[in-house]
Amino acid sequence: SAISKADLFKKSEVQSERLSILSDLSKSISSTLNWDTLKETLLINLQKLVEYDTATLWVKENKNLKIVATNGFNDLENREGIFVQIEDSELFSKMFETKKPVVISDKRNSSLVPMNLEDRYCSWLGVPLISKTDVIGVIALEKKEEGYFSNELVHLVESFATQAAIALTNADLYEESSNRLNELDEKTKKLDWLNQYSVEVTK
């Protein structure tokens with residue numbers, strides 16, 4: 001029928017628009033080598049691709065997951081720096097084991113999510129950030145509506161998370177090599193100074 005054809009056309013239009021946004025975002029985040037800039041902009045960029053109410057970026061540190069960036073929270077509470085032990089959280093343990101997203105249609109009916117009674121967000125999506133074969137972090141999204149995160153949206157966030165993991169790993173490596181170069185530079189300066197000093201002393 002004409003209506004179903006129009007619906008199909010609209011759906012494919014939305015899909016191609018999302019793929020175009022994803023392509024643009026991939027280029028944008030892969031060109032950023034500053035780790036701090038990257039963590040501050042990742043969740044904001046993701047909102048151009050997928051609508052959400054709140055977003056949290058968790059990064060793995062030893063056996064913990066730590067919040068390094070958030071977006072969409074209206075209260076004044078600063079969540080950055082909060083951490084959980086992975087093995088203490090059934091939700092995160094599952095994600096680290098399977099290396100797959102976890103979708104919760106209604107948090108009120110899930111034993112995986114510890115929630116308080118005032119929590120307004122029903123839908124929850126957690127997508128692991130995978131570098132090579134390791135989970136290096138998690139992007140967690142919430143939405144007020146029940147059953148919000150469809151398979152299509154999950155795939156979009158997964159594609160974004162793949163690019164984000166590569167970008168974060170590259171930024172990490174860049175920071176490490178910059179620090180090493182700075183240390184080397186400092187050592188070279190000290191050696192130069194010592195050489196000059198010893199020349200002066202032996203004159």
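Start by selecting Ser110 and showing its side chain: this side chain reaches the backbone nitrogen of Leu112 at 3.1 Å. That is a polar contact, meaning a pair of N or O atoms within 3.5 Å, where within protein one must be able to donate a hydrogen and the other to accept it, and residues adjacent in sequence count only if both atoms are side-chain atoms. Ser110 sits in the loop between β4 (102-104) and β5 (123-131). Ser110 counts as buried because its relative accessible area is 19%, and buried means under 20%, exposed over 50% and partly exposed in between (1.4 Å probe, protein chains only).

A quick word on what you're looking at. This is a predicted model, where local features need pLDDT of at least 70 and side-chain atom pairs count only at pLDDT 80 or more, while totals for chains, interfaces and linings use all residues. Residues are numbered from 1 along each chain as its sequence is written, and side-chain values use heavy atoms, with hydrogens and water left out.

Now colour by pLDDT, the predictor's confidence in each residue, from 0 to 100. The protein averages 83, and 85% of the residues score at least 70.

Switch to cartoon view and you can trace 4 helices and 6 strands. Both are DSSP runs numbered from the N terminus: helices are H or I with at least four residues, strands E with at least two. From the N terminus, the order is α-α-β-β-β-α-β-β-β-α.

Next, select Tyr148 and Phe149. They form an edge-to-face aromatic pair, 5.1 Å centre to centre with 80° between the planes. Rings of Phe, Tyr and Trp (its six-membered ring) pair if their centres lie within 6.5 Å; planes under 30 degrees apart are stacked, over 60 edge-to-face and the rest tilted. The structure holds 2 such pairs. Are these two residues buried or partly exposed? Tyr148 is partly exposed, at 21% relative accessible area, whereas Phe149 is buried, at 7%.

Last stop: select Ser131, Ile136, Leu168, Thr169 and Asp172. Of the 13 residues lining the second largest pocket, these lie nearest its centre. The elements giving two or more residues to that lining are β1 (54-61), β6 and α4 (151-202), with α4 supplying the largest share, 5 residues. A pocket here is an open set of points on a 1 Å grid over the protein atoms alone, where a 1.4 Å probe fits, with protein on both sides within 12 Å along at least five of seven lines; lining residues have an atom within 4 Å of a point.
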